Amino acid sequence: MSSVVNSDRIPNNVHLGDDKKLQRALEAWQPRYVEWWKQMGPEGFQEDDVYLRTAISVDHEGWAHFDYVKMPEYRWGIFLTDPVPDRKIGFGDFMGEPVWQTVPGEMRNMLRRLIVTQGDTEPASVEQQRLLGKTCPSLYDLRNLFQVNVEEGRHLWAMVYLLHSYFGRDGREEAEGLLERRSGNPDKPRILGAFNEPCTNWLSFFMFTYFTDRDGKYQLLALAESGFDPLARTTRFMLTEEAHHMFVGETGVLRVVKRTCELMKQNKREDARAEGGIDLATIQRYVNFWYSCSLDLFGGEISSNAASFFANSLKGRAKEDSYPDHKALDVGYAMQVPVIGEGGRPTFRGEEVPLRNAMNEVLRDEYVEDSQRGVDKWNKAIAEAGVSFQIKLPSRRFHRRTGIHAGMHFDVEGNPLTKDEWEARKHQWLPSEADEAYLQSLMSKPVYEANQMANWLQPPPHGIKGKPVEFEYVRRHP
Ligand SMILES: [Fe+2]
Ligand SMILES: [Fe+2]
């Protein structure tokens, strides 16, 4: 079991105190990080006491401590899961060799790119969510938002630790860059598309934590297989925290759906909006939007980068153990590749893509399947309420902006459309300005009383860590 130092300025289980140079570099980065947090973190709540969990070790039982803390004073630490003795590389060209504790020279650029891309998503999501506190539906939800935010901050620390420790001056520069880019800023945007989309209401927040944090889960699972052992160990621990983010999304949408059904039953025309709720058709449009943006995060279906990451044993598949063969050579992946046909309507041709080049799509397959599970639970609740409606994940061709479908148009079933057909119908499928305005108005009054809940969602069945739902999870300081 690794020993944990919680008394240092930076809590850690990596013997940071033994490496003075590294410790100094990270201690110099720390105030800039806190500056970023104060500027770009949750706006208007920095003085409040929030009942948060803080990672204090990687011990399975009791890895976290729960207490009130002001967010800028949160103890962001560096925690890697304990090393697996004699761990061997589990896939790719270096399979069977001992894992690397330092970065092999020829892989430096590739590996740095993987780490920076992952790292960039963490502060980006905090930036996207920074105004949501002002429209929160309850203190319970407000606390969950902040919990997700501080942990995304810790995930940034996890990646910055790797950059500082293993990439010298380039790594330090990249760590600065991670604090300089801004979500949605046209001059210095975050690296990936979905992390520049505004997240302006709580339905989007729940969709984001369900769909976009789940992309995070799959990226982390793939990196947890890495031959570069420090990356594998840090991402493994990040997954522990990530599970809560997806829980917030899944149960958040579930509570909205259940409340919507209740409100529909109270209304003669089953009109949820008339009762101050969110109608199921609107929920479906937000599913379509956030799911399709999140699919893009996996990258192109046919990708030479993905092939090199796999070949070089840097990024595997999620749960590599569950695949029969770990070399992925001489195997193909059958794909329907769209090409623009007559009148601008896409048609398809079948292609056998070398499996290594299809690794993004393989990971996306796992994600699609996993995403369906929560949707099934939402649909079960709708059926149990006696409402006839089914939420559906759109086709993976729908509304894509990276990969083979980018620049082409498809309906939610995946049928090809011309550009004109798309323009005429897209608002059936994607949130409109009117939807956005409706949600904004519905959520314009935040709920800051411990025993209250906004009208448009159900209370959760349980509170946090054995506390009642009505617990004062955030103590506001006016
Ligand atoms: Fe994260
Ligand atoms: Fe997350």
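A: Let us begin with a definition: axes are lines fitted to C-alpha atoms, for helices over the stretch in contact, and angles run from 0 to 180 degrees between N-to-C directions. Helices (H or I, at least four residues) and strands (E, at least two) are DSSP runs, numbered from the N terminus. This is a predicted model, in which local features need pLDDT of at least 70, side-chain atom pairs count only at pLDDT 80 or more, and totals for chains, interfaces and linings use all residues. Residues are numbered from 1 along each chain as its sequence is written, while chains are lettered from A and ligands numbered from 1 in the order in which they are written.

Q: At what angle do helix α5 and α9 pack?
A: Helix α5, residues 202-223, packs against α9 at about 135°, and their axes are 10 Å apart. That makes α5 oblique to α9; angles under 35 degrees count as roughly parallel, over 145 as roughly antiparallel, 65 to 115 as roughly perpendicular and the rest as oblique.

Q: Which residues make that contact?
A: From α5 they are Y210, F211, R214, D215, Y218 and A222, and from α9 they are L363, E366, Y367, D370, S371 and G374. Two residues are in contact if their C-beta atoms, placed from the backbone, lie within 7 Å. By class, the contact of α5 with α9 has six nonpolar, two polar and four charged residues. Here Ala, Val, Leu, Ile, Met, Phe, Trp, Tyr, Cys and Pro count as nonpolar, Asp, Glu, Lys and Arg as charged, and the others, Gly among them, as polar.

Q: And α6 with α9: how do their axes cross?
A: The axes of α6 (residues 229-266) and α9 (residues 359-384) come within 9 Å and cross at roughly 20°. The two helices are therefore roughly parallel to each other. Their contact involves E250, V253, L254, V257, K258 and C261 of α6, together with G374, K377, W378, A381 and I382 of α9. Seven of these residues are nonpolar, one is polar and three are charged.

Q: What about helix α2 and α3: what is the angle there?
A: Helix α2 (residues 108-128) and α3 pack at about 155°, with their axes 8 Å apart. That makes α2 roughly antiparallel to α3. On the α2 side, the contact residues include I115, Q118 and G119, and on the α3 side they include N149, E152 and G153. The contact of α2 with α3 divides into eight nonpolar, six polar and two charged residues.

Q: Changing topic, in what order do the strands of the open sheet come?
A: The order of the three strands is β2-β1-β7, with antiparallel pairing. Two strands pair if DSSP finds at least two bridges between them. The edge strands, each pairing on one side only, are β2 (64-70) and β7 (474-475).

Q: How many bridges join β1 to β2?
A: Seven bridges join these antiparallel strands. Strand β1 (residues 49-55) also pairs with β7 in the antiparallel sense, over two bridges.

Q: Which residues are the bridge partners of D49?
A: In β2 the partner of D49 is K70, and in β7 it is R475. V50 has V474 as its bridge partner in β7.

Q: Why is β1 largely enclosed?
A: Five of the seven residues of β1 are buried, so β1 is largely enclosed by the rest of the structure. A residue is buried if 20 or more other C-beta atoms lie within 10 Å of its own, exposed if 12 or fewer, and partly exposed in between; C-beta atoms are placed from the backbone. Helix α3 (residues 139-166) lies across β1 and β7, running at about 40° to β1.

Q: Is S313 buried or exposed?
A: S313 is buried, with 25 other C-beta atoms within 10 Å.

Q: And what is phi of D86?
A: D86 has a positive phi of about 55° although it is not a glycine. Its place is in the loop between β2 and α2. D86 counts as exposed, with 7 C-beta neighbours inside 10 Å.
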